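Reader: Could you walk me through this model, one question at a time?

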Amino acid sequence: LGGCTDSKLPDEQAAAEARVPRIIFASTGGAIYGDEAPIPARETDSPWPDSPYGIAKLAVEHYLRYYQQEYGLTTISLRYANVYGPRQNGLGEAGVVAIFIEKFLAAEQPIINGDGLQTRDFVYVADVVAANLLALDYPRSGTFNIGTGHETDILTIYLKIQELAHSPLGPVHGPAKP
């Protein structure tokens, strides 16, 4: 969503002109609320993104709200927590569950960034799919957090995956990410 060039309408505008009945947007939870948000964050909590990623997601939510008001599109923003599950790529920087699993399966040492006590809300991909399916039939526009509402620290995730992998590789800590 939100793409625009001189020769093309923004995706939202094209959707409005094509009379698309609804747009479901994959937004983000933690990156929109920022580090100072209460845990668990509620949809009514003020967004205060502190990264370009969170700012961009919030900007698209604002565009969608405009198109809902201006053209009557039903727009639903689903603010996903940290999604994990089968076929997740562990080669990038995101997806600590997949990264740890791939490292353990390859008998390589996973590295915990910082002390490992930073927390996240981890939500299973099947639950995210179920939320998207519910959004297909939701009759109104809205913004919804998709997560468990429970925080889990990275060290706990590490130790659980280590146990399930029957690995002797204990926690090793690297520098914290800014």
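Predicted model: local features only at pLDDT ≥ 70, side-chain atom pairs only at ≥ 80, totals over all residues.

Reader: What is the order of the strands in the open sheet?

Author: Helices (H or I, at least four residues) and strands (E, at least two) are DSSP runs, numbered from the N terminus. Two strands pair if DSSP finds at least two bridges between them. Seven bridges join S1 to S2 (residues 74–80), and five join S2 to S7. With parallel pairing, the order of this three-stranded sheet is S1-S2-S7.

Reader: Why is one side of S1 and of S7 left without a neighbour in the sheet?

Author: From one strand to the next, the twist averages 20 degrees. S1 (22–28) and S7 (142–146) stand at the edges, so one side of each lacks a neighbour in the sheet: each has a single partner strand.

Reader: Which residue in S2 stands opposite Phe 25?

Author: There are several such positions to look at. Thr 28 stands opposite Tyr 80 in S2, and Ile 76 stands opposite Gly 142 in S7. For Phe 25, the residue opposite in S2 is Ser 77.

Reader: How many of the residues of S2 are buried?

Author: Buried means under 20% relative accessible area, exposed over 50%, and partly exposed in between (1.4 Å probe, protein chains only). Thr 74, Ile 76, Leu 78 and Tyr 80 are buried on one side, and Thr 75, Ser 77 and Arg 79 on the other. The buried count for S2 is seven of seven.

Reader: At roughly how many degrees do the axes of H4 and H6 cross?

Author: Axes are lines fitted to C-alpha atoms, for helices over the stretch in contact, and angles run from 0 to 180 degrees between N-to-C directions. Contact means heavy atoms within 4.5 Å; Val 96, Val 97, Phe 100, Ile 101 and Phe 104 in H4 meet Ile 154, Ile 157, Tyr 158, Ile 161 and Gln 162 in H6. The axes of H4 (residues 96–105) and H6 (residues 154–164) come within 10 Å, and they cross at roughly 35 degrees.

Methods: Residues numbered from 1 in each chain as written. Heavy atoms only, no water.
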